[in-house]
Amino acid sequence: MSESDELAAVRQVLIERAEEPGALLPILHDVQDALGYIPPHTVTTIAEGVNLSRAEVHGVITYYHHFRSAPAARHVIQICRAEACQSMGADALLAHAELRLGCSAHGHSKDGNFTLEPAFCLGLCASSPAMTINEEPHARMTPRSFDALVAQYGDCA
Amino acid sequence: MSGLTIYVPRDSAALAVGAERVAERIAQEAAIRGVSFGMVRNGSRGLFWLEPMVEVSTPAGRVAYGPVTIDDVADLFDAGFAEGAQTHPLSLGLTDEIPYLKKQERLTFARMGITDPVSVADYEAHEGYAGLRRALGLKPEEVVQQVLDSGLRGRGGAAFPAGIKWKTVMATPAAQKYIVCNADEGDSGTFSDRMTMEGDPLMLVEGMTIAGIATGATKGYVYIRSEYPHAIATMNEAIRAAEAAGFLGENILGSGQTFWLEVRKGAGSYVCGEETALLESLEGKRGIVRAKPPLPAITGLFGQPTLINNVITLASVPLILARGAEYYRDFGVGRSRGTLPMQLAGNIKHGGLVEKAFGVTLRELLYDYGGGSASGRPIKAVQVGGPLGAYLPESQWDLPLDYEAYAAVGGTVGHGGIVVHDDTADLSKLARYAMEFCAIESCGKCTPCRIGSTRGVEVIDKIRADNKRVEHVILLRDLCNTMVHGSLCAMGGMTPFPVLSALDHFPQDFGLVVPDRKAA
Ligand SMILES: Cc1cc2nc3c(=O)[nH]c(=O)nc-3n(C[C@H](O)[C@H](O)[C@H](O)COP(=O)(O)O)c2cc1C
Ligand code: SF4
Ligand code: FES
């Protein structure tokens with residue numbers, strides 16, 4: 001998508017949310033859902049739309065872990081690192097994922113197909129260790145079931 | 001269509017182990033065999049080691065099968081499961097007779113897994129909206145009095161009496177007031193808010209509507225964490241269903257009362273679960289903690305009086321109104337009234353949701369319900385109350401679960417999350433993790449939390465590396481003391497709880513000499 005197309009999408013979001021009080025988070029969610037990330041060149045437009053300074057909007061985007069300023073890979077994998085999952089081997093699962101994808105947490109796989117992210121609880125703690133791929137939950141994971149799952153989304157060797 | 005109904009959960013934890021594919025497979029297999037049936041995508045009963053747990057309605061009651069994989073489906077049909085035959089090895093018998101479920105005291109979770117989560121008709125057929133109907137016939141003060149008399153305390157962690165907050169908001173005059181539901185549920189080991197929103201969302205909608213009518217608020221927000229996309233979708237479905245049926249919006253049930261409800265999505269920040277940070281986030285800002293006073297009940301969202309309660313707090317209200325404050329208060333012990341949906345998680349054989357009156361012991365939960373560790377190894381440490389809760393050693397597992405009894409030993413009940421670790425756990429590593437988590441998630445407003453947590457990680461690393469171990473333990477305790485007393489909110493103020501409890505009860509994991517208990 002070109003920069004001007006991205007700006008057009010952002011303006012559309014701003015029009016839809018114009019009447020909402022305190023709408024910055026919903027706006028940022030809409031932009032990220034539409035474009036996959038919040039392009040830095042759109043921040044000024046967003047700021048004007050909500051009557052804030054560019055720095056304030058930048059401050060909000062960077063404060064929240066969910067928002068990204070650069071595109072993710074086609075598939076996003078989140079692996080839970082919190083206590084309940086740790087007790088069932090989350091550290092080993094993450095280590096396996098890093099090896100398999102050839103990247104570390106917060107990075108992209110070697111083939112560019114996957115983004116790997118840590119998560120702090122997915123609410124699946126009774127079926128740990130847990131992860132999501134493109135927001136769909138997967139529980140009671142093992143390195144083997146991880147490989148099988150990733151294979152369904154295209155190979156990454 | 002015959003009267004046959006098959007239930008396959010739509011709860012995330014069931015989906016996470018293949019419930020969607022099992023549902024599809026059942027539909028295919030039934031079509032091949034010419035079996036006609038209705039399928040309900042219910043919430044989960046909360047017996048997660050049995051998910052996907054499929055149920056079939058029979059004249060004797062619902063019969064359960066689980067955990068069902070797609071490869072079992074044809075076999076199940078062969079064994080007559082569609083007629084409720086109980087001969088298949090996966091048959092669990094009548095659902096209501098499963099001991100894990102039968103021994104519980106489900107008040108808030110009474111409908112969980114039983115109804116279609118987004119069907120207003122089904123909800124009403126199971127006592128739903130009885131509370132709102134009663135509330136509409138009472139004066140606001142009378143509704144608030146019911147909440148006060150029930151003894152209900154906030155289930156989100158701080159355990160503040162709900163009725164007092166309600167009264168403050170009711171008594172504060174303003175042109176606009178708000179109800180905010182805290183559905184941020186960031187604690188590891190907790191999922192009862194998620195289950196409620198996915199499995200019985202109308203209960204939360206009803207609780208918030210009652211809160212709006214009682215306090216004079218006409219607008220409500222449910223702030224749901226972004227990690228819960230299914231909960232967000234189901235809440236939105238439930239809100240639309242309630243509006244369509246006249247239970248939400250303008251002139252609710254012809255009463256002249258108005259209440260609108262909207263879902264807002266969080267963005268992956270633990271501190272946004274803190275109520276004032278949550279308000280900042282709802283206002284479109286960075287979720288940084290505000291100093292109190294002013295209390296949100298007086299100056300809250302957009303500067304207006306705002307009632308903020310946790311999901312389970314608000315979801316407990318319909319039943320209190322429907323059955324009366326006394327009915328609810330009669331469960332529990334001491335000043336901990338009613339029930340708590342406790343969440344058994346981590347290294348536990350039978351992880352899931354256990355709703356019991358306060359007063360149950362951890363040992364009962366771990367062994368009578370949980371069946372011991374998942375690994376089969378001895379249980380070593382149990383963290384109760386989320387990432388800011390203490391690690392409890394076996395000597396403390398016989399305490400009654402009760403806010404005051406836990407506080408007396410430096411523990412917290414919090415949101416009722418119970419995370420089990422077996423004897424392979426290294427408590428110095430978990431203590432380090434607690435500090436690291438605080439460093440990642442700190443909102444940065446105050447120094448003890450922002451800097452102290454990073455220093456905490458460094459000091460624990462030195463202890464673990466045997467670098468001036470004894471001196472660094474003294475330094476760590478000092479640092480914890482500063483964080484406890486100098487932090488603005490419980491993030492910095494309670495992170496020392498898991499750290500100090502690990503140090504006190506599991507000194508061997510820090511390479512320290514174990515005190516001779518017999519000599520003491
Ligand atoms: C760091 C931090 C995180 C919190 N996270 C949550 C949360 O995820 N959910 C919640 O209900 N309360 C959370 N709380 C407690 C809230 O600040 C507040 O006490 C609660 O929402 C009030 O509702 P209640 O009275 O119904 O419990 C958190 C508190 C702190 C200090
Ligand atoms: S204790 Fe931590 S999270 Fe709480 S206000 Fe201070 S810096 Fe923010
Ligand atoms: S701790 Fe991993 S899903 Fe909750």
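Mentor: Start at the backbone of B:Arg155, where a polar atom is 3.4 Å from an oxygen atom of ligand 1. A polar contact here is a pair of N or O atoms within 3.5 Å; within protein, one must be able to donate a hydrogen and the other to accept it, and residues adjacent in sequence count only if both atoms are side-chain atoms. Keep in mind that this is a predicted model, where local features need pLDDT of at least 70, side-chain atom pairs count only at pLDDT 80 or more, and totals for chains, interfaces and linings use all residues. Residues are numbered from 1 along each chain as written, chains are lettered from A and ligands numbered from 1 in the order written, and side-chain values use heavy atoms, without hydrogens and water.

Trainee: Which polar side-chain atom lies 2.7 Å from an oxygen atom of ligand 1?

Mentor: That one belongs to B:Thr313. B:Gly186 takes part through a backbone N or O atom, 3.3 Å from a ligand oxygen. Overall, the protein covers 91% of the 600 Å² of accessible area that ligand 1 has on its own (Shrake-Rupley method, 1.4 Å probe).

Trainee: How many nonpolar, polar and charged residues does the shell around ligand 1 have?

Mentor: Sort by class: Ala, Val, Leu, Ile, Met, Phe, Trp, Tyr, Cys and Pro are nonpolar, Asp, Glu, Lys and Arg charged, and the others, Gly among them, polar. The shell has 5 nonpolar, 8 polar and 6 charged residues. Strand E9(B) gives the most, with 3 residues; helices (H or I, at least four residues) and strands (E, at least two) are DSSP runs, numbered from the N terminus.

Trainee: Which strands does E12(B) pair with?

Mentor: Two strands pair if DSSP finds at least two bridges between them. E12(B) runs antiparallel to E13(B), residues 352-357, over 6 bridges, and a hairpin joins them through 5 residues. Within that pairing, B:Gln343 stands opposite B:Leu353. With E16(B), residues 417-422, E12(B) pairs in the parallel sense over 4 bridges, and B:Gly346 has B:Val420 as its bridge partner.
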